[in-house]
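Hello,

Here is the structure we talked about. Please open it and keep it beside you while you read my notes.

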Amino acid sequence: MNQFKTGRSYSVMLLLLLMGMLISLMACQPKEDSKVDSKAENNKLTDVVVSLDWVPNTNHTGLYVAQEKGYFKEQGLNVKIVQPSEDSASTLVANNRADFGIYFQPNMTSRLEKGVPITAVAAILQHNPAGLLSLKSLGAKSPKDLNGKRYSTWEDPIDDATVAHVVGDKLVKIPGEATDATVALRMNQFDYILAYYGWDGIHAKMQDVETNFFFLRDYEPIFDYYAPVIITNNKLLETNPELVKKTLAAMKKGYLYAAKNPEESADILVKYAPETNKDLALASQKYISTQYLDDNGEWGKFDYNRWDRFYDWVYKQGLIEKPLPPQAGVTNDYL
């Protein structure tokens, strides 16, 4: 009887030991998640770098919406949005340190003249939001009334020539760059500045500061140039056009969403750029969401005639040595 009990106890212990070994072996087997991870590794997303032109703002909202909503991933892309340090977005794109960048048509002029391999592939806004901002107390009724007044300049030849064209040749230049145009105006650092309504103009209203804003395009249609735009490297256009098309498709979806959902999109911008003033982002977004699309509800397309007219004016002003060819540095072919 004792032998039977001992034998039974031994059998139970052996069974328990075998069960433990089986459980250990099962634990060592790859989990279903591991199989999914392995499969994901075999189908890696393509890395894409997008360089902003400045700190995040409502010009960029569509990019962050595309990131938040997964539109880039839908296209098989892993997009990293970066801010430029010392180098501009055009330098990063031209040297393959960024695949896409945010830039401006006037700033492209000297780059194209020198043969820098960049091309604008999408227009973020359909009309130029740039204009001259001054305090209402200055008494200017039109840009001509600013002639001889102190002008804040970052000493860009094309911008200065543009301002002189609508104001008059007597530019009293105050070099420097104001991070808050309204505050600088109130501190009497200068009398007027070339600014962007979607940010600086809206910001002035939020601070209850009475200002005048003269849109450049209202006083010279040639100045309805494109600002800002999305640029890429010419080599990327040649070697991987599908990547360009996929990236722009995701961006387009992001901007279309931002155009229809300004409040939610402003929240998304602030989520990715928490240093942004939330109230300013919302107010700016409500305005700029109406500027993303053309009359047909399309995003990104350029009017080649408008593009060429501006560069023709730049040449006639003697700001470049030779004329740029038609449709220099621009294309709608990848939208």
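Ile174 is partly exposed, because its relative accessible area is 26%, which lies between the 20% limit for buried and the 50% limit for exposed. Bear in mind that this is a predicted model.

Ile174 sits in strand E7, which covers residues 172-175. Look at Tyr151 next. Tyr151 and Ile174 are 23 residues apart in sequence, yet their C-alpha atoms are 5.7 Å apart in space. Setting aside neighbours within four places in sequence, Ile174 is in contact with Arg150, Tyr151, Ser152, Thr153, Gln189 and Phe190.

**Helix H14**

Now move to helix H14, residues 278-288. Its buried residues are Leu280, Ala281, Ser284, Gln285 and Ile288. They lie on the same side of H14, because they cover an arc of only 125° around the axis. What covers them? Among the elements that do so are helices H3 (61-68), H9 (197-206), H12 (241-260) and H13 (262-272). The face turned away from the buried side carries Lys278 and Asp279, which are exposed.

Check the start of H14 too. There, a side-chain oxygen of Asn277 comes to within 3.0 Å of the backbone nitrogen of Asp279.

**The whole chain**

The protein chain has 335 residues, and 46% of them count as buried. It holds 15 helices and ten strands. Take the contacts with a separation of 6 or more: 76% of them join residues 24 or more positions apart. The chain exposes about 17,700 Å², and carbon and sulfur atoms supply 50% of that area.

Best wishes

Key. Residues numbered from 1 in each chain as written. Predicted model: local features only at pLDDT ≥ 70, side-chain atom pairs only at ≥ 80, totals over all residues. Heavy atoms only, no water. Helix = DSSP H or I, 4+ residues; strand = E, 2+ residues; numbered from the N terminus. Buried < 20%, exposed > 50% of the residue type's maximum accessible area, 1.4 Å probe, protein only. Contact = heavy atoms within 4.5 Å. Areas by Shrake-Rupley, 256 points an atom, 1.4 Å probe, with all protein chains shown as cover. Arc of directions from axis to C-beta. Polar contact = N/O pair within 3.5 Å; in protein donor to acceptor, adjacent residues only side chain to side chain.
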